[in-house]
Amino acid sequence: MTLLSVDGLKVHFRTTGGLLRAVDGVSFDIAAGETVGLVGESGCGKSTLARALIRLLPITAGRVLLDGRDLAEADPRELRRLRPLVQMVFQDPYGSLNPRRITGSIVAQPLRLAGWSRRDAHARVAALLRQVGLSEAAAERYPHEFSGGQRQRIGIARALALNPRLIICDEPVSALDVSVRAQVINLLNTIQAETGVAYLFISHDLSVVEHIADRILVMYLGRIVEVGTRQGIWTRPLHPYTQGLLASAPIPNPKLARARPHFIVQGEQPSPLSPPAGCTFHPRCPIAVERCRYEIPALRHLGNDAMAACHLATSSAAPHSQEHAYGPVAQPG
């Protein structure tokens with residue numbers, strides 16, 4: 001069952017330098033209880049997309065259907081009714097919490113805004129803190145008294161308060177130590193198994209998304225360039241940008257690391273104020289041909305639930321082979 005359906009979403013901003021196309025025609029679905037990973041470099045539009053989905057930023061064009069109801073067209077009253085269904089966990093676990101309020105008050109805030117009594121909210125907060133692995137005594141402490149991982153648990157508890165159907169996790173572990181990242185990801189997996197909540201999990205690190213996502217969307221310069229299952233993206237990347245992201249993801253097994261086809265993405269991501277013509281990745285792509293310089297590739301189906309926006313990609317890729325989806329991989333430069 002489809003929970004969230006995004007169709008042709010655009011988020012553009014008028015600036016002194018021109019029109020900034022932060023999100024430029026993105027479409028995807030999330031099923032109930034599913035985890036979809038969204039990966040890409042910093043500045044590719046991931047966080048802008050996340051904030052537009054819950055109307056923290058204005059939508060330029062497109063549709064965002066949550067349980068069949070259009071968030072993009074919702075008036076303020078309808079938006080208030082829909083917002084409990086989708087919540088957000090932010091990247092900075094300290095900056096997202098009010099330092100002047102105790103934890104119990106922070107977690108209870110959405111409940112109180114929804115009309116819960118003080119007594120019922122107090123009981124719900126205690127249950128939420130236990131659910132995320134904190135003691136009930138944590139309700140009386142301030143955010144600065146917790147570690148980074150504990151603060152993120154508080155943010156997760158707040159997001160869970162109104163029993164949402166979807167939680168958008170915007171780089172929720174990027175500010176945490178490696179060992180703490182694993183604990184938070186395990187917690188999110190446990191919560192999903194208990195509640196059936198769906199996640200849109202945003203990260204710049206494919207190795208993090210690989211541990212939680214059912215499907216993965218790869219974003220580059222405001223557009224989705226590849227879609228696939230977790231296994232498919234990890235073993236059969238169809239787009240050269242995805243392959244570059246995989247090359248930067250650490251693999252503890254040296255044999256698998258050597259066998260995986262890879263190249264390092266060179267140069268900086270172009271500005272969305274003046275994106276390249278044709279395929280926006282072609283200035284950094286080691287296999288670009290003349291067609292890539294003037295023709296925008298469509299995101300097309302390539303079998304086995306895989307999609308890629310690359311003129312040269314085919315469905316014939318062999319996993320862990322140097323003879324990749326678009327032929328032998330050349331090294332840039």
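Predicted model: local features only at pLDDT ≥ 70, side-chain atom pairs only at ≥ 80, totals over all residues.
In what sense do strand 3 and strand 9 pair, and over how many bridges? Strand 3 and strand 9 pair in the parallel sense, over 4 bridges.

**The chain as a whole**

The chain contains 10 helices and 14 strands. A compact globule of 333 residues would have a radius of gyration near 20 Å, and the value of 21 Å for the chain agrees with this. The C-alpha trace spans about 65 × 45 × 40 Å along its principal axes. Of the 333 residues, 50% are buried. The accessible surface amounts to about 15300 Å², and carbon and sulfur atoms account for 50% of that surface. Among contacts between residues at least 6 apart in sequence, 63% join residues at least 24 apart. As for charge, there are 36 positive and 28 negative side chains, and the centres of the two sets lie 4 Å apart.

An open sheet is formed by 8 strands in the order 6-7-8-3-9-10-12-11, with mixed pairing. Its edge strands are strand 6 (86-89) and strand 11 (300-301), each of which pairs on one side only.

With strand 8 (residues 198-203), strand 3 pairs in the parallel sense over 5 bridges.

| Strands | Sense | Bridges | Residues facing each other |
|---|---|---|---|
| Strand 3 and strand 8 | parallel | 5 bridges | Leu38 and Ile202 |
| Strand 3 and strand 9 | parallel | 4 bridges | Val36 and Arg215 |
| Strand 9 and strand 10 | antiparallel | 6 bridges | Tyr220 and Arg223 |

Strand 9 (residues 215-220) is largely enclosed by the rest of the structure, because 5 of its 6 residues are buried. Strand 9 and strand 10 (residues 223-229) run antiparallel and form a hairpin with 2 residues between them. In the turn of this hairpin, Leu221 has a positive phi of about 50°.

Helix 3 (residues 103-113) has the buried residues Thr103, Gly104, Ile106, Val107, Ala108, Pro110 and Leu111. An α-helix has 3.6 residues a turn, so residues three or four places apart point the same way. The cover over the buried residues of helix 3 includes helix 4 (118-131) and helix 5 (148-160). Just after helix 3, Gly115 takes a positive phi of about 95°.

How many of the residues of helix 9 (residues 240-247) are buried? The count is 8 of 8, and helix 9 is thus described as mostly covered. The buried residues of helix 9 are Pro240, Tyr241, Thr242, Gln243, Gly244, Leu245, Leu246 and Ala247.

**A loop residue**

Is Phe281 buried or exposed? Phe281 is located in the loop between helix 10 (254-259) and strand 11. Phe281 is buried, because its relative accessible area is 1%, and the cut-off for a buried residue is under 20%. Phe281 and Leu299 are 18 residues apart along the chain, and their C-alpha atoms are separated by 14 Å.

Note on methods. Residues numbered from 1 in each chain as written. Heavy atoms only, no water. Rg over C-alpha atoms; globule rule 2.2 N^0.38 Å. Buried < 20%, exposed > 50% of the residue type's maximum accessible area, 1.4 Å probe, protein only. Contact = heavy atoms within 4.5 Å. Areas by Shrake-Rupley, 256 points an atom, 1.4 Å probe, with all protein chains shown as cover. Lys, Arg positive; Asp, Glu negative; His and termini not counted. Charge placed at Lys NZ, Arg CZ, Asp CG, Glu CD. Pairing = 2+ DSSP bridges.
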